[in-house]
Amino acid sequence: MSLLAIVNGDVLTPQKVLEDATVLIEGERIVEIRQGGSYPAEATMLDAQGGLVAPGLIDIHVHGSAGYDTMDATPQALHAMATFFAAHGVTSFLPTTVTAEQTALLAAVENATWCQRHYQGGARIIGLHLEGPYISAAHPGAQPVPHIRPADPAEYTRLFARGNVRLISLAPEIAENRPLIEYAAAQGASVAVGHSAATYDDVMENVPRGLNQCCHTFNGMSRLHHREPGAVGAVLTCDEIYAQAIVDLVHLHPAIVKLLVRAKGTERVVLITDAMRAAGLSDGEYDLAGQSVTVSKGRAYLTYGNSLAGSVLTMDQGLRNLMQATELSLIEALPMATSVPARSIGLGHELGLLQPGYVADLVILKHNDGRDFQVETTIVQGNVVYQRTS
């Protein structure tokens, strides 16, 4: 196997930052992290030039970017998205569907499955996130209401048939959806409450069934009230639930970001983008599931209805926003974009950390005293997939 040595960097290990350390990668895996700059003569050397060598960012909730969307259901779309994500430090992601008719969902699932098995570069697909269609019409957000429906085993068993659904977001208060929670958990998928009118009790009663996550916390769900905690109250107080957060400072006020991190801790907040096809492009009119979306000044919303329609956020910018809102350092905030999302979907045993035996998904960041950073290099399974040129 090929041997790669990343030298002259500060390496973020689970225990501490090792200054001027070397990461040795054999094939797709990290085999050793050593202090100092020595490495085997047969290894290819990559100079980190004093940057921070960190785990790659993981986005478990993202619909599109660069003009493409998961629901396009083409290899070209997912490859373009993967290439774009890698330039922003993302090494793996879950292509995310929207509520749609069964044929469109199956096409998206089949395409993502093919692309996952035939990796073509950029960030790596590590499974699928089904957002809907089993949600509540009371909190649709930008999900197409005509296609919202209760869970039907004849349909969802087909969506899960390829074995790579890692996450599904649904409304647990709907009776037909509850058997799906247990089914999904048995298939190894995480289950998130999302686009839901669930009460506090609805959420808590379904945690033992397998519900362990919240889809874009505070958005698309019953609100927190001091006499009726709602879904938000359950998420904030239940230790078993991971809380996704879109930190574009549009979906969440900075004070709410700080509140969320204080309530859940950095080990239970998952940074996501919920980005749609306009991410990386200019303001204008775009399509989301057949609906017109207007993008203006960093805000994406349904042209007819004014509901927020995902975001144009990137993971690296989301991390900067998170640091700004919480006053956390880069080292303190990074787990919410790396190890925590990996654990939230059952992949914490091989992704999200820099330690021997883990997949060699890394980024090299040029940073300034831990307060800001720039993605310099992105490495996926031991291969350089992006290097900044200017």
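Rings of Phe, Tyr and Trp are taken as an aromatic pair if their centres lie within 6.5 Å. In the predicted model described here, five such aromatic pairs are present. One of them joins Phe84 and Phe85 in an edge-to-face arrangement, with 6.2 Å from centre to centre and 70° between the planes. Phe85 also forms an edge-to-face pair with Phe93, for which the centre-to-centre distance is 4.9 Å and the angle between the planes is 75°. Phe84 has a relative accessibility of 17% and therefore counts as buried, the cut-off being under 20% relative accessible area. Phe85 is likewise buried, since its relative accessible area is 6%, and Phe93 is buried as well.

Aromatic residues also occur together elsewhere in the chain. A single aromatic cluster is formed by Tyr134, Tyr156, Phe160 and Tyr183. The ring of Tyr242 has the charged end of Arg268 over it, at 4.3 Å from the ring centre. In a second case, the charged end of Arg320 is placed over the ring of Phe373, at a distance of 4.6 Å from its centre.

The largest pocket has a volume of about 270 Å³, and 18 residues line it. Nearest to the centre of this pocket lie Gly141, Ala142, His195, His216 and Leu308. By residue class, the lining of the largest pocket comprises ten polar, six nonpolar and two charged residues.

Terms used. Residues numbered from 1 in each chain as written. Predicted model: local features only at pLDDT ≥ 70, side-chain atom pairs only at ≥ 80, totals over all residues. Heavy atoms only, no water. 1 Å grid on protein atoms, 1.4 Å probe; cavity = no way out; pocket = protein on both sides within 12 Å on 5 of 7 lines; lining within 4 Å. Points joined across faces, edges and corners; volume = space filled by probe spheres on them. Nonpolar A, V, L, I, M, F, W, Y, C, P; charged D, E, K, R; others polar. Phe/Tyr/Trp six-rings, centres within 6.5 Å; stacked < 30°, edge-to-face > 60°. Buried < 20%, exposed > 50% of the residue type's maximum accessible area, 1.4 Å probe, protein only. Lys NZ or Arg CZ within 6 Å of the ring centre and 35° of its normal.
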